[in-house]
Amino acid sequence: MIQESDLTRIGKVVKTHGVNGEVKLSLEGGDANAYEYLICRVDGLFVPFYIEQGGHRSANGNIVKFEGIDSITDAEKLCGTEVFIDGDLVNEVEDDDLPYDFFLGFRIYEGEKLVGTISAFDCRTANVLAEIKTPDGDTCIIPFHPDFVMSVDRDDKRIEMNLPQGLVM
C-alpha cells in the first residue's frame with residue numbers, strides 16, 4: 001500500500017481537457033512529462049496512473065492523458081484530486097522538473113554567504129518567487145529562476161545562487 005510519507009506532492013488535477021479523458025494538471029513547478037506515472041489521491045487512497053500521452057506544458061501545469069481514463073466522465077472523477085510522485089523517483093529527475101515544494105527547507109547561498117532558508121514559494125506570477133527566512137529572522141523574496149541557480153546539492157539541501165546585485169543585503 002502506498003503511504004503519503006513516501007510521496008512528494010506536485011499539484012492537483014484542476015479540470016478536464018477535451019472529450020477523450022485528458023486532464024489539466026496544476027503543478028507547483030516541474031513537468032509531468034518527466035514521469036512514467038503519477039499518483040493521485042482518490043477517495044483517500046493513493047492510486048498510480050500511468051501517463052499514456054504527455055501534452056502541452058505551461059508555466060503552471062500540463063495536459064496529460066492517463067491510461068484507462070478514456071472519457072470526459074472518467075476524467076471528471078479525477079478533478080480536484082491531489083497529484084504526487086513517488087519519492088524514490090525524485091533522485092532520478094532533473095532539478096528543473098522537480099516541484100518547487102521539494103526545495104522547501106533548502107538553504108540559499110551566494111558564494112559562501114548564507115542568504116537564508118526557503119520557507120515558501122509564490123507561483124502565481126510568471127516568475128516564481130521564493131520566500132527566504134534570513135539568518136537574522138527577517139524575510140526576503142527572491143526570484144527562483146534557473147538562470148540564477150548555479151548548483152544544487154540535494155543531499156546537503158544547499159542551493160548556490162548568483163543573484164542580481166542589490167537584491168539581497
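Trainee: In which helix is confidence highest in the chain?

Mentor: Good place to begin, since this is a predicted model. The mean pLDDT of the chain is 83, and 86% of its residues reach 70 or more. Confidence is lowest in strand β5 (residues 57–58), at a mean of 60. At the other end, the highest value, 93, belongs to helix α1 (residues 72–76).

Trainee: Which strands stand at the edges of the open sheet of six strands?

Mentor: Let's follow the strand order, which is β11-β10-β9-β8-β13-β12, with mixed pairing. An edge strand here has a single partner strand, so one side of it is left without a neighbour in the sheet. That describes β11 (139–143) and β12 (149–153).

Trainee: And by how many degrees are neighbouring strands of this sheet turned against each other on average?

Mentor: Direction is ignored for this angle. The average comes to 35 degrees.

Trainee: Is Cys140 buried or exposed?

Mentor: Buried means under 20% relative accessible area. Cys79, at 30% relative accessibility, counts as partly exposed. Cys140 has a relative accessible area of 18%, so the answer for Cys140 is buried.

Trainee: Then how many disulfides does the structure hold?

Mentor: A disulfide needs a pair of cysteine sulfur atoms within 2.5 Å. For this structure, the number of disulfides is zero.

Technical notes: Residues numbered from 1 in each chain as written. Predicted model: local features only at pLDDT ≥ 70, side-chain atom pairs only at ≥ 80, totals over all residues. Heavy atoms only, no water. Pairing = 2+ DSSP bridges. Helix = DSSP H or I, 4+ residues; strand = E, 2+ residues; numbered from the N terminus. Axes fitted to C-alpha atoms, helices over the stretch in contact; angles between N-to-C directions. Buried < 20%, exposed > 50% of the residue type's maximum accessible area, 1.4 Å probe, protein only. pLDDT = per-residue confidence, 0-100.
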